[in-house]
Amino acid sequence: MGENDDTVNYASLRTRAIESLLVEKGILASDAVDRVVSTYEEDIGPLNGARVVARAWSDGEYKTRLLENATGAIAELGISGMQGENMVALENTSAVHNVVVCTLCSCYPWPVLGLPPYWYKSPEYRARVVVEPRAVLEELGLELDDSQELRVWDSSAEIRYMVLPERPTGTDDLSEEELTELVTRDSMIGVARAGTS
Amino acid sequence: MARAHDIGGLKGLGRVEMEQDEPVFHSEWERRVFGITMATLGKGLFNVEQFRSGVEEIPIVPYMESSYYERWIATLERNLIRAGVVSEDEIDARTTELSHRPETEVGRREEPEFCEMLLGAIHGGMSPERELDAPKGFEIGDRVVAAGTEVLTHTRLPRYVRGKTGVVVRLDKAFVFPESNAAGEGENPEWCYCVRFEAEDVWGPNAENASPVYVDVWESYLVAA
């Protein structure tokens, strides 16, 4: 614990050192730092993506537009922004399951999913999911049928991917808003099914 | 092994551990590192490729031992020093000072106009798409090899597909070329493509259940197969 505390303490001190120097030099805007942080803590998160998925489940024409031009379809719901300028949506079906990774760093569709969770950025996930994706998904609690083709998408350039998960069975009577609650962040990365926590 | 970040395909790493109800940030300093990075990027002190490149310059052992935002501190420092706005000695001295007087408050200054501009970019986006007159070099269905030699400078071609053959499955726009932008040599946009690589072609005959990998690449990473 001691070493870990020291490491964290060092990171904290180093960060404060950088921030105080940049403020004194007239380079850093403290209000910008505050607003950026609160935007990603409070305003931009996976609920945005869930709205996109629920709309696609409820409206076949919207789904077609989403799969043809995801950036435009997402913008129809008023959702856009940094790290989501060039979106592609990948449809999961009984025949094909898609999963997304960024092996080189942590590229992720911020406007629809918010900032990525730690496991998505971890060397373990980034290294392994391209070469042993079924094993990784099983560890994360998702077993696929052997007949399903598993496609791994490495966000290595400027496209940001979101997965359109399969609509759970027995949800025909649910409203779009109720469907939204079934859509988890992990189901839009492709490491879980919708309707499971 | 090239650089620590280029790890796609390594199998020896442990289980992927998920944290239940994970917060967006795990501590106040993570919040500040993220915010300072976005604000200094927004000021144009460095670009995204230079920021990524700074992470990739961390040697393998410290890279693996660092947390995600500790790597951000490392590249933030490198980039601020390169931009000439602060020196390593200044940061070292200030860190020591703060360790002796931990109660010292960090000063504040506000720039409402810049703040609005930055928030506008966050909500509106800043696409790396660029106009390009040159015709596309490849079409959907073309068989291509991810070429190029191993480099120790910034590249977005993962080493696990180097020398491997795949098929172009999607034509993307022209985007800023990461290699030259990281080197401060301009944007030099190129067409981008999505290439599907069959598992056997990348990992060999023992590939797990034939799961193809789709990799997005700039045109100069490819040659016709």
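The largest pocket first: its volume is about 950 Å³. This is a predicted model, where local features need pLDDT of at least 70, side-chain atom pairs count only at pLDDT 80 or more, and totals for chains, interfaces and linings use all residues. Residues are numbered from 1 along each chain as its sequence is written, chains are lettered from A and ligands numbered from 1 in the order in which they are written, and side-chain values use heavy atoms, with hydrogens and water left out.

A word on terms. We work on a 1 Å grid over the protein atoms alone. A pocket is an open set of points with protein on both sides within 12 Å along at least five of seven lines. A cavity is a set where a 1.4 Å probe fits but cannot get out. Lining residues have an atom within 4 Å of a point. Points are joined across faces, edges and corners, and volume is the space filled by probe spheres set on them.

Back to the largest pocket. It has 45 lining residues, and the closest to its centre are A:Gln83, B:Leu41, B:Val48, B:Glu49 and B:Arg52. Which helices of chain B each supply at least two residues of this lining? They are H1 (28–42), H2 (48–56), H4 (68–82) and H6 (112–124). H2(B) gives the most, six residues. Helices here are DSSP runs of H or I, at least four residues, and strands are E runs of at least two, numbered from the N terminus. By class, the lining has 24 nonpolar, ten polar and eleven charged residues. Nonpolar covers Ala, Val, Leu, Ile, Met, Phe, Trp, Tyr, Cys and Pro; charged is Asp, Glu, Lys and Arg; the others, Gly among them, are polar.

Next, the second largest pocket, with about 790 Å³ of space. It is lined by 32 residues. Nearest its centre are A:Pro46, A:Thr184, A:Arg185, A:Asp186 and B:Asp21. From chain A, H2 (30–43), H3 (46–58) and H11 (185–189) each supply at least two lining residues. H2(A) has the largest share, four. The classes come to 15 nonpolar, eight polar and nine charged.

Where does this pocket sit relative to domain 1 and domain 2 of chain A? Between them, because both domain 1 (5–42) and domain 2 (45–189) give residues to its lining. The bounds come from an automatic or database domain assignment. Taken over C-alpha atoms, the two domain centres are 31 Å apart.

There is also one cavity of 30 Å³ or more. Eleven residues line the largest cavity, and B:His5, B:Asp6, B:Val151, B:Thr153 and B:Thr155 are the closest to its centre. Its space is about 70 Å³. The lining has two nonpolar, four polar and five charged residues.

Now chain B as a whole. It has eight helices and five strands. The order is α-α-α-α-α-α-β-β-α-β-α-β-β. Its C-alpha atoms fill a box of roughly 60 × 45 × 35 Å along the principal axes. Of its 225 residues, 48% are buried, meaning under 20% relative accessible area with a 1.4 Å probe, protein chains only.

Last, one residue: A:Thr171. It lies in the loop between strand E4 (160–164) and helix H10 (176–180) of chain A. Leaving out residues up to four places away in sequence, A:Thr171 touches A:Leu179 and A:Leu182, where contact means heavy atoms within 4.5 Å.

How values were computed
Buried means under 20% relative accessible area, exposed over 50%, partly exposed in between (1.4 Å probe, protein chains only).
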